[in-house]
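Hi,

Here is the structure I promised to send over. Have a look at it first, and then read on for my notes.

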Amino acid sequence: MANVRRISQVVFILIFLFLLVQTQYQGRDEIGYPVRLFLDLDPLFVGLLLLSTFSLKPILLLSLITVVVSLVLGRFFCGWFCPFGTLHNAARELVRRPRKLEHGLYARAQVWKYAVLVAVVVSGLFSMSVLGVMDPLSLTVRSISLGIGPSLELIVRNAFDGLYVHAPAWVTAVSEPVYGVLKDYVLAFSQPHFLQGAFLGLIFVGLLALNVTKSRFWCRYVCPLGALLAVLSKPAALRLGTTGQCDRCGKCVRSCPTGASPALGDGWRKAECIYCWNCVEACPTRALSFGFARPQSKDGRIDLSRRNFVWSLGAGLAAVPLMRIAPSLMRPNPRLIRPPGARPEEEFLKRCVKCSECMRVCITNGLQPTLMEAGVEGMWSPMLVPRIGYCEYSCTLCEQVCPTGAIERLDLATKRKTVIGLAFIDKNRCLPHAMSVNCAVCQEQCPTPKKAIVFKETKARDANGSEFTLLLPYVVTELCIGCGICENKCPVVDQPAIYVTNLNESRSPSRALLLAPKSTS
Amino acid sequence: MDRSDRTSGMDRRRFLKVATAAAAGVAFAGVNPLSALSADKQAAAKQAAAAQAPLVFVVTRGGTPYKNYAAALKALGGISKFVTRGDVVVVKPNIGWDRTPAQAATTDPTLVAAVVGSCYQAGAKKVKVFDYPCNDPRRTYVRSGIAEAAKNAGAEVSFMDERKYKRVDMKGTVLKTWPVYSEALDCDRIINVPIAKQHGSSRLTMSLKNWMGVIGDPRGRLHQDFDHSLADLGHFFKPSLTVLDATRILTANGPQGGDTKDVRTLNTLVVGTDQVAIDSYGTSFFGMKGTQLGYLVQAAREGVGQVDLSKVRYSVIDVA
């Protein structure tokens, strides 16, 4: 059975990675695959969305599958399905440390994850922010999309590019077609670059490295989703049974990755068991077996004391005001440009789970994770950085992949009219304005059907004193949607002479600039 | 910069053209070309020579892009004059923007397919289609309809590969060494298939400006001096054929457009060999004259082509 479980893990992680690869433009306006399937299966998202916004995304009801499985079979999800869990197994294999007996036995500290769960849920009533940081699926998608994936991709690209430049023809005759296939089916269209990529990647690697101390460290001590599923597994009827043949050799305990005390200690703990079947297979006398039986209350015990419960409740409650002390809501960072479809900031933060799907799918690589631009609460939420990539006029991919509706799905016509910011010309740096040199790249690139950048024609003299026609660009406030292509393509490459701030964004009417915008139809 | 070196660069076609003209001149001038001729006789000889000179371009209008193109080729003497058996041909349309064909920001896809098809008819070994767009290449290739149409016509359609830019000496007035896409250099023929559009700073974008799609960054810098940089591009790139698409033209808010109110349907093509003359004719679609475009005047001054249409032979054909 353990091998069946391994196959299941491999299959699901392959599906997971396949869907991540598919989370990019594939030649059609609509994303073809259910790329956020794994996030949709997370019951924490749907539960907290319901509690904090009283709204429900029908697609998130998929997570009921996870709930039902846990109610009947226990934490199957963790052992058989969860991609982060599978990576933990892989990491443990790499370490290959002999397992100590006490690691298979339940330890008091395993109660921490329930504290995390309580804090996540309590703060989640007001903001999904803490959940976003702690949720294993969100964490995995984010770390792989923004850190691990791009760095692996860089290795692959550099390797093939190196061959292309330096290797003899017979090598490139092989390497180039292989590279072509990789480019078509696996790699991103161009090398992705993400702010904090290294940081996020290191956190992820660090969490996996904790397997050195104890296997499935995260799953034992931290994972709020695991904790939720443990709570849900109370009525589960699949339980580990022991027969009299047990000679208490402890092999089952040594093989247990999560400290569920299969046959020793104070007895099997359903809430810790991920049904990996290791213990059953490790038993030399075949004394252990899983079977359906009436659930016993001692199996499902969770040792979170009332005191600890109250502490974690308090921590969750305190987290929200602490995060919101930052003035970012009152006086937003001018460069915090949210993608079109993003809800008003407060509502947005309530929903965003920092999964980074929107950043991964962004066709220009312009959506980047914030650090402190949106306050602590908004850390790792999406922000358009026009210098890196602009918002493509006819693209709606980020709206399509958002699992919680923090970015709403807009129809294309509405999206094109959604203002996310306003362009400002820095006349001290702009070639025509400051140096009397014609340029006009911003005007050319401006995508609105009626250009939001127009020219004023003047006469100027060049270095030799001869007169010529100079075109001075101006922004038409009523027409600018803040897509940032002007900033992106501005030939003043260091600090662009035209830049976008989030002023005038349509999601916050109180920050409109003009008293009475002219009708532009 | 060595200008004499540039002007003396003569390909086979141009040589033949000049040679024929010279031969005709000699023939009409009499047995001894050095003998003194009256001014009258000289003028008559010139006229006759002009009538014999090959068509520099053909304007075909009224038909579908496919029919217009076929009619133009026929008038110009067939595709075999421009593409020979075994050639690797680059067909360079405008795929610059994430727009649909109806928005007239990109070359008509059926025209691109027709050009690709004609190359294969002439026995081309391979036809390649690519462009370096302003918007995301994946989107522009799809939305313009060009990738699909060209592929169906048998072309090899590819996105620009960063590694394939080669820094070359363009020997221009303002363009010195610049990265140029190597596939546009390492081919036997290149056919330019631009679309005629209004453009903010250069006023109109047609054939010469379309070469900006085969050079690398920082190409935005060209905007600082279109007159000289576009003339430089015209000098550097020698298309065997230019097919200016005026099936639909974009009259305002170019070069991207987006509003079909700014689009006019002309069902017209200008097909020929002199890029400057073709662009010069193209200005008439917008109620302008070639001499109003600084870069055409400059290109003509540098000998890239003829901006004065009274000095070239062309014909206008109505396609049923």
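This is a predicted model: local features need pLDDT of at least 70, side-chain atom pairs count only at pLDDT 80 or more; totals for chains, interfaces and linings use all residues.

**Salt bridges**

A:Asp266 meets the side chain of A:Arg301 in a salt bridge, with 3.5 Å from N to O. The two come from distant parts of the chain, 35 residues apart: A:Arg301 is in the loop between β2 (288-292) and α16 (306-324) of chain A, and A:Asp266 in the loop between α14 (251-255) and α15 (278-282) of chain A.

- A:Asp40 and A:Arg36 pair up at 3.2 Å, N to O. A:Asp40 is buried at 3% relative accessibility, and A:Arg36 is buried too, at 13%.
- A:Arg157 and A:Glu153 form a salt bridge at 2.8 Å, N to O. They sit four residues apart in helix α9 (residues 136-166) of chain A, so about one helical turn separates them. Both A:Arg157 and A:Glu153 are buried.
- A:Arg338, A:Glu345, A:Glu505, A:Arg507 and A:Arg511 are joined into one network by salt bridges that share partners.

**Where the chains meet**

Now for the interface. On the chain B side, 30 residues are in contact with 37 residues of chain A. About 2,600 Å² is buried between the two chains, and carbon and sulfur atoms give 49% of that. Three arginines stand out: B:Arg138, B:Arg139 and B:Arg163 supply 29% of the area that chain B buries against chain A, more than any other three residues.

Four salt bridges cross between chain B and chain A. One of them involves an arginine from that trio: B:Arg139 bridges to A:Asp29, with the closest N and O atoms 3.1 Å apart. Helix α6 (residues 137-143) of chain B gives the most to the side that touches chain A, with five residues. Sorted by type, the residues on that side of chain B are six nonpolar, twelve polar and twelve charged.

**Aromatic pairs**

The count of aromatic pairs over all chains comes to 30. Take A:Phe18 and A:Tyr33: their ring centres are 5.1 Å apart and their planes are at 85°, so this is an edge-to-face pair. A:Phe18 is in helix α1 (residues 2-22) of chain A, while A:Tyr33 is 15 residues away in the loop between α1 and α2 (37-40) of chain A. A:Phe18 is partly exposed at 37% relative accessibility, and A:Tyr33 is partly exposed at 42%.

Another edge-to-face pair is A:Phe189 with B:Phe159, at 5.0 Å centre to centre and 90° between the planes. What does this pair join? It joins two chains, since A:Phe189 lies in the loop between α10 (169-185) and α11 (197-209) of chain A, and B:Phe159 in the loop between β4 (156-157) and β5 (165-169) of chain B. A:Phe189 is partly exposed at 30% relative accessibility, as is B:Phe159 at 32%.

There is an aromatic cluster as well, made up of A:Phe76, A:Trp80, A:Trp268, A:Tyr275, A:Trp277 and A:Phe290.

**Backbone details**

- The peptide bond between B:Asp217 and B:Pro218 is cis, with omega about 5°. B:Pro218 is in the loop between α9 (207-210) and α10 (226-236) of chain B.
- B:Gly254 to B:Pro255 is also a cis peptide bond, omega being near 0°. B:Pro255 lies in the loop between β10 (241-250) and β11 (263-272) of chain B.
- A:Gln196 is not a glycine, yet has a positive phi near 65°. A:Gln196 is in the loop between α10 and α11 of chain A and is buried, with a relative accessible area of 16%.
- A:Ser261 likewise has a positive phi, about 45°, without being a glycine. A:Ser261 lies in the loop between α14 and α15 of chain A and is buried at 1% relative accessible area.

Cheers

Key
Residues are numbered from 1 along each chain as its sequence is written. Chains are lettered from A and ligands numbered from 1 in the order in which they are written. Side-chain values use heavy atoms; hydrogens and water are left out. Contact means heavy atoms within 4.5 Å. Buried area is the accessible area (1.4 Å probe) that two parts lose on being put together, summed over both. Ala, Val, Leu, Ile, Met, Phe, Trp, Tyr, Cys and Pro count as nonpolar, Asp, Glu, Lys and Arg as charged, and the others, Gly among them, as polar. Rings of Phe, Tyr and Trp (its six-membered ring) pair if their centres lie within 6.5 Å; planes under 30 degrees apart count as stacked, over 60 as edge-to-face and the rest as tilted. Buried means under 20% relative accessible area, exposed over 50%, partly exposed in between (1.4 Å probe, protein chains only).
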